[in-house]
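Okay, thanks for coming, everyone.

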Amino acid sequence: MLLCRLLHVQATVGQDGRRARVPRDGSGEENLFNEIGAFRGQKLFADATTGRYRVKVDADGPWSLCFSQPVPGEGAKPIPGTISGKGAMVIPVRTSEDIQAVIQGRHRGESNFIVDLVGYGDTTGQVNLYNEIGVYSGETLSEIPTGPFLLSVIADGSWSLRFTK
C-alpha cells in the first residue's frame, strides 16, 4: 500500500521535441514538459489523484515517458550535504534528525530554477526553496523534519544545492 500521492515522470525526447501534456479527466491540461529541441528530464507531481489519465505528446522525433510512484528506500542522499545536477531532476533525500538548514543554491541557466522539497512515505508537507529565473546564487533557510523527501528541481542548466545545519 502506497502512503503517498506522488507521481514521478521521466521523459526523453529526441530531435525536435515540443511538449507533453496530461489532460485530467475533463478538468483541463497540465504541462508535464514544455521544451523545444532534444530534452531529457524528470518532474514530480505532488498532487496526483487516482483516476485515468491521457497523455498528449507533440514531438517530431522519438520520445519516451515513464510514470512511477516513488516509494522510500535505500540510496537516498543525506541532508546535510551537497547535491548537484543538470536540468530537471527528482532526487530522493533523507534527514536523520530535525534540522534548521541553510541551503545555498546555484543555477547556471537561462530559464526557471525551481526547487521544492516534498515529503513522502510517512513524511508529509512540501516547501518551495527557490523560484528564480536565469543565473542565480543565493541562500535560504528552512526547517526540515526527520524523514524521506523528494528534491524536485526544475532547471535548464547546471545547479547545486548545499544543505548545512
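Before I count anything, a word on terms: helices (H or I, at least four residues) and strands (E, at least two) are DSSP runs, numbered from the N terminus. With that in hand, the protein chain has 15 strands and zero helices.

Some housekeeping. This is a predicted model, where local features need pLDDT of at least 70 and side-chain atom pairs count only at pLDDT 80 or more, while totals for chains, interfaces and linings use all residues. Residues are numbered from 1 along each chain as its sequence is written, and side-chain values use heavy atoms, with hydrogens and water left out.

Of the 165 residues in the protein chain, 40% are buried; buried means under 20% relative accessible area, exposed means over 50%, and partly exposed is in between, using a 1.4 Å probe and protein chains only. As for contacts, meaning heavy atoms within 4.5 Å, take the ones between residues at least 6 apart in sequence: 73% of them join residues at least 24 apart.

Now the sheets. I call two strands paired if DSSP finds at least two bridges between them. Let's take the five-stranded sheet, which is open and runs in the order β7-β9-β14-β11-β12, with mixed pairing. Which strands stand at the edges? They're β7 (77-79) and β12 (126-133), each with a single partner strand, so one side of each has no neighbour in the sheet. Neighbouring strands here are turned by 25° against each other on average, direction ignored; for that, axes are lines fitted to C-alpha atoms, for helices over the stretch in contact, and angles run from 0 to 180 degrees between N-to-C directions.

Inside that sheet, β11 (residues 112-119) and β14 (residues 147-154) run antiparallel and are joined by six bridges. I114 has I154 of β14 standing opposite. Out on β12 we find Q126. Setting aside neighbours within four places in sequence, Q126 touches A46, D116, L117 and V118. Q126 and L150 are 24 residues apart in sequence, and their C-alpha atoms are 9.4 Å apart.

There's also an open sheet of three strands, ordered β4-β1-β6 and paired antiparallel. In that one β4 and β6 (63-68) are the edge strands with a single partner each, so one side of each is left without a neighbour in the sheet. The twist averages 15° from one strand to the next. Six bridges hold β1 to β6, and T12 stands opposite S64 in β6.

Have a look at V13 while you're there, in β1 (residues 7-13). Is V13 buried or exposed? It counts as buried, at 17% relative accessibility. Beyond four places in sequence, V13 has contacts with G37, A38, F39, A59, P62 and W63.

On to β10, which I like for its pattern. Strand β10 is joined to β13 by nine antiparallel bridges, with G105 partnered by G138. It also pairs with β15, again antiparallel, over seven bridges, and there H107 stands opposite W159.

Over in β13 (residues 136-144) sits S142, buried with a relative accessible area of 7%. Outside four places in sequence, its contacts are I99, Q100, A101, I103, V127 and L129.

How many salt bridges are there? The structure holds one, where a salt bridge is a side-chain nitrogen of Lys or Arg within 4 Å of a carboxyl oxygen of Asp or Glu. The partners are E97 and K165, with the closest N and O atoms 2.4 Å apart. E97 is in the loop between β9 (89-95) and β10 (99-108), and K165 is in the segment after β15 (158-164), so the pair ties together parts that are 68 residues apart in sequence. E97 is partly exposed at 35% relative accessible area, whereas K165 is exposed at 61%.
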